[in-house]
Amino acid sequence: MQVTETLSEGLRRSYAVCVPASDIESRAKARLADLGKTLRLPGFRPGKVPPNLVRQRYGSSVMAEVLQEAVNGVADQVIAERQLRPAGRPRVSLDGEPPVTVGAPADLNIKVEMELLPEIVLPDLASIQLTRLRAEPSDEVVAATLENIVTQNRELEDIEEVRPAVAGDVLVVDFTGFIDGVAFQGGAATDAPVEVGGGGFIPGFTEQLEGLSPGEQRTIEVTFPAVYQAPELAGKAASFEISAKKLQRFVRPALDDALAQKLGLESFEKLREAVVGQMQNEYDQLSRLRIKRDLLDALAKTADFPSPENLLEAEFAAIWQRVDADRRE
């Protein structure tokens, strides 16, 4: 195998590799000889098939395998012989016309392209000074978190009094939505609990339920946001026919041992300890990310080396994919 370096520019390298026809032929002969030792053909004893017949029947497929193996293995040979450190998998391609698999073999010309990892001289790490930040959750933040737990574990109870719904009540309703007088897919529900004046619906939907009593009907008009999860509904005006069925209220659980046990903990004290522990872990994680960022910034100022373009492109693509996914959510 003859290797000629055709490009040496920064971290980029390119090599022209020639696998001689004689080498390809010797590999094919060896493969055919091994095949002939076990080949069974009618009229011949096992392993006694004439070599010319073996080549006639299997020469083309064996040559194709030999050529493919030569192409696949050439990059590894170049890397090993020249003790290279590639940044990613080298690009291997045929240089010129593809070789034939029948008749006498020709030289196999292959192009190998790669980028190398740079030589990095480590800076004096002892000269880098970093500050690890430490924070603890305050009583106010812990109390707010416990309040959120109470809110998440509210339960609903029926309001026996027949009266109009006010903000904060939960009205159980059936509704059907229409656009241009036609009901649209996903715009209907039965026995849906809706917090009057609450969130989670199209802007203006829950606010228009105020004053509606169980047993009454009402038609409300809303407009879907310009940016909406269902693009076919974005920005469109819609009307909803509402039938109120039942009035309910949220009942807040007490912040006590019973709530803690409902959440799988022994007592309120254990619940509070769990909240503090989780928040402390989050603070510590933020601290680790901050000091890691500071360390990377310090290293970037003291260490200077070129970066392989293919690694930069791959990193950019990964970051952009995450940004695009976050934007779609």
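A: Glu155 has a relative accessible area of 49% and is partly exposed. Here, buried means under 20% relative accessible area, exposed means over 50%, and partly exposed lies in between (1.4 Å probe, protein chains only). The model is predicted: local features need pLDDT of at least 70 and side-chain atom pairs count only at pLDDT 80 or more, while totals for chains, interfaces and linings use all residues. Residues are numbered from 1 along each chain as its sequence is written, and side-chain values use heavy atoms, with hydrogens and water left out.

Q: With which residue does the side chain of Glu155 meet in a salt bridge?

A: Side chains of opposite charge can pair when their charged atoms come close. The criterion for a salt bridge is a side-chain nitrogen of Lys or Arg within 4 Å of a carboxyl oxygen of Asp or Glu. Glu155 meets Lys262 in this way, at 3.4 Å from N to O. The two are 107 residues apart and link distant parts of the chain, Glu155 being in strand β5 (residues 155-158) and Lys262 in helix α4 (residues 257-262). Such elements are DSSP runs numbered from the N terminus: helices are H or I with at least four residues, strands E with at least two. Lys262 is also partly exposed, at 49%.

Q: How many salt bridges does the structure hold?

A: There are 23 salt bridges. One of them joins Asp191 to Lys245, with 2.6 Å between the closest N and O atoms. Asp191 belongs to strand β7 (residues 182-195) and Lys245 to strand β9 (residues 237-251), 54 residues apart. Asp191 has 44% relative accessibility and is partly exposed; Lys245, at 41%, is partly exposed too.

Q: Why does the pair of Glu65 and Arg31 tie together separate parts of the sequence?

A: Their side chains form a salt bridge at 3.1 Å, N to O. Because Glu65 lies in helix α2 (residues 51-82) and Arg31 in helix α1 (residues 21-38), the contact ties together parts that are 34 residues apart in sequence. Partly exposed describes both Glu65, at 41%, and Arg31, at 28%. A network of salt bridges links Arg31, Glu65 and Glu69.

Q: Is strand β2 mostly covered or mostly open?

A: Strand β2 (residues 12-19) is mostly covered, with six of its eight residues buried. Two strands count as paired if DSSP finds at least two bridges between them. Strand β1 (residues 2-9) runs antiparallel to β2, and seven bridges join them; Glu9 has Arg12 of β2 as its bridge partner. These two strands form a hairpin with two residues between them, and Gly10 in the turn has a positive phi of about 60°. Strand β4 (residues 108-115) also pairs with β2 in the antiparallel sense, over eight bridges, and Met114 in β4 is the bridge partner of Arg13.

Q: Which element gives the most to the lining of the largest pocket?

A: Rolling a probe the size of a water molecule over the atoms shows where empty space is left. The largest pocket holds about 210 Å³ of space. Among its 15 lining residues, Gly186, Phe201, Ile202, Phe224 and Tyr228 are the closest to its centre. On a 1 Å grid over the protein atoms alone, a pocket is an open set of points where a 1.4 Å probe fits, with protein on both sides within 12 Å along at least five of seven lines; lining residues have an atom within 4 Å of a point. Points are joined across faces, edges and corners, and the volume is the space filled by probe spheres set on them. Strand β7 gives the most to this lining, with six residues.
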